[in-house]
Amino acid sequence: MNGSRPFRVARVLAAALVYGFLLGPMLVVALFSFSDKSFFTFPPSGFSLRWYRAAWESGLFLDPAVRSLALAALSTLIAAAFSIPAALALRRTRSPRLRAIVEFLFLSPLIVPALIVGIALLYAFNRLGMVDTFAALLAGHTLIVFPFVFRAVLTSVMALRQEWIDAAEILGAPPLRSFRDVVLPALVPGLVSGAIFAFIVSLDQFTVSLFVTQSEQIVLPVAIYRYLYDVNDPVVAAVSTVLVVFGLLVAVAIDRFGWLRHLGGTGG
Amino acid sequence: MSATASRTAVRASARRGTAAVWLLLPAIVLVVALLLVPVFDMVVISFRRESFGQILPGFTLENYRSILQGAAYAEILLKTFGAAAVVTAACVVLAFPVASLIAGAPPRLRGLLYFLVAAPLLVNTVVRTYGWLLILGRKGLINETLSWLGVLQEPLALSGNYIGLIVGGTQVFLPFMILSITTSLVAIDRRLQESSAILGAGSVRTFLDVTLPLAMPGVIAGSVLVFSLMLGAFVTPLILGGTAIKYVSVAVYTDALVLFNLPRATALSVVLLVAVLLVYAIQKRLIRRYEAFA
């Protein structure tokens, strides 16, 4: 990794530029949100919080924000409730072939582009008369976040020690008690990290939400896109800055627990 | 073991088997009812005709013929694959300096450098893409700065076209590439690079002949991920490319929600899905061959 001095200097400079490229857009959004003009000026001038007030008073973002948070929480909970029994059952499956097939099935929502999930669900919900309902959103989001929770829980389940479960059984614990006192606590780390990613993925999900809703059940990213399309003033920047800060706070929190490393396989 | 004992064992294992099915059932129903069946139905209507927004019964290959033979759709497919390839290549080039910096950094600094790469992944994609609109737009940061400097008379068209799409897509997916290549670089035995230097190879030569080949698994995995994500990407093309752009996802959106031509939209979706699945299948083979070789 060392190499000659000019090589190293060039590498550090190049890396600094790439970091600027990655983080710059978010900085620009934050700066623009404090502008006192409704358009971009260079050099920047003035400072105001009027766009934050306007965003709040417009009433266009609060409902979608609450809906997005509720959706993320509920879809994550349902995905967790489905993941735990499924992962425990897979652990006991003797046939590696069967296990591979079921695992592939459960991770398949990761491979199929959100666009295709969106259009397939649009058609399905349309026939059921479910388009633009919260139930449709919840079903779509649960499907999208399920692989994230399942993968994390499965890792914890595979690390379970059979001796602990056997010991609980020998000591006379009924299955439910052994589940509550032995199995569940061992799954907590996987469950929490999987749940956090699922929550973030649901909040981020734009495509599926756009396809299965019309006007009643708008979620936050769609509300931002619509405002951007119709008005495009720094109100979007103000709302976006709140989301940038939120994302970075979550990043700091999960970095504390060393979970940021699991992010490599996320997608969509 | 006596016959009764073995029979009891068999029964117990059968009971375990049924229990396992019940435990798996909710998750299986979730994926089958919300993914497999809807996607199957989507494939079915891609073989149907439509008229004024109504789907008519009967089998036709017309939708696929218009996609695979029509010049307009050939252009859409070509430009989509082209843009995804350019974004992937840009990600590989931009990822290397950062990945090698992270891999070579002392542990404390490594944590921070890693954090700065991963953190953008937790920020909403619509928001990150909006940031590029502020930078690349007609009255965006670049145009305003250049015209303030007196360099420009007319604003540059940096968004609403492929430039915006490629820049935005690269930024959105770059963290995946960096994380993937970093994983490969961290695993490299440093002594190999030291030996190369001792044997008289320069930094560039060492990079090309030692580091790069050993980093290939990370490059392949990252490229497959970025390429397939970009093929199906919708947010960045919609916001930075605009609806006038020729991109598969945008065409599907326009066909389905603006023109209400669901059969054609679904046929195009099937083509996209097949492309993405092919990319994954090729990756499996590539990785296997690479592991056999290494």
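Reader: How many residues does the contact take from chain A and from chain B, and what makes two residues count as being in contact?

Author: Chain A gives 76 residues to the contact and chain B gives 75. Two residues are in contact if their C-beta atoms, placed from the backbone, lie within 7 Å. The model is predicted, so local features need pLDDT of at least 70 and side-chain atom pairs count only at pLDDT 80 or more, while totals for chains, interfaces and linings use all residues. Residues are numbered from 1 along each chain as its sequence is written, and chains are lettered from A and ligands numbered from 1 in the order in which they are written.

Reader: Which helix supplies the largest share of the side of chain A that touches chain B?

Author: H1(A) does, with 15 residues. A helix here is a DSSP run of H or I with at least four residues, and a strand is a run of E with at least two, numbered from the N terminus. By these criteria chain A holds 11 helices and zero strands.

Reader: What is the make-up, by class, of the side of chain A that touches chain B?

Author: This side has 58 nonpolar, 14 polar and four charged residues. Ala, Val, Leu, Ile, Met, Phe, Trp, Tyr, Cys and Pro count as nonpolar, Asp, Glu, Lys and Arg as charged, and the others, Gly among them, as polar.

Reader: Why is H1(A) called roughly perpendicular to H3(B)?

Author: The two helices pack at an angle of about 115°, with their axes 8 Å apart. H1(A) is therefore roughly perpendicular to H3(B), the class for angles of 65 to 115 degrees; under 35 is roughly parallel, over 145 roughly antiparallel and the rest oblique. Axes are lines fitted to C-alpha atoms, for helices over the stretch in contact, and angles run from 0 to 180 degrees between N-to-C directions.

Reader: What makes a set of residues a nonpolar core, and which members touch the most others in the largest one?

Author: Such a core joins buried Ala, Val, Leu, Ile, Met, Phe, Trp, Tyr and Cys residues through C-beta atoms within 7 Å. A residue is buried if 20 or more other C-beta atoms lie within 10 Å of its own, exposed if 12 or fewer, and partly exposed in between. Among the 166 residues of the largest core, A:Ile119, A:Val149 and B:Ala95 touch the most other members. Helix H3 of chain B, residues 71–104, gives the most to this core, with 15 residues.
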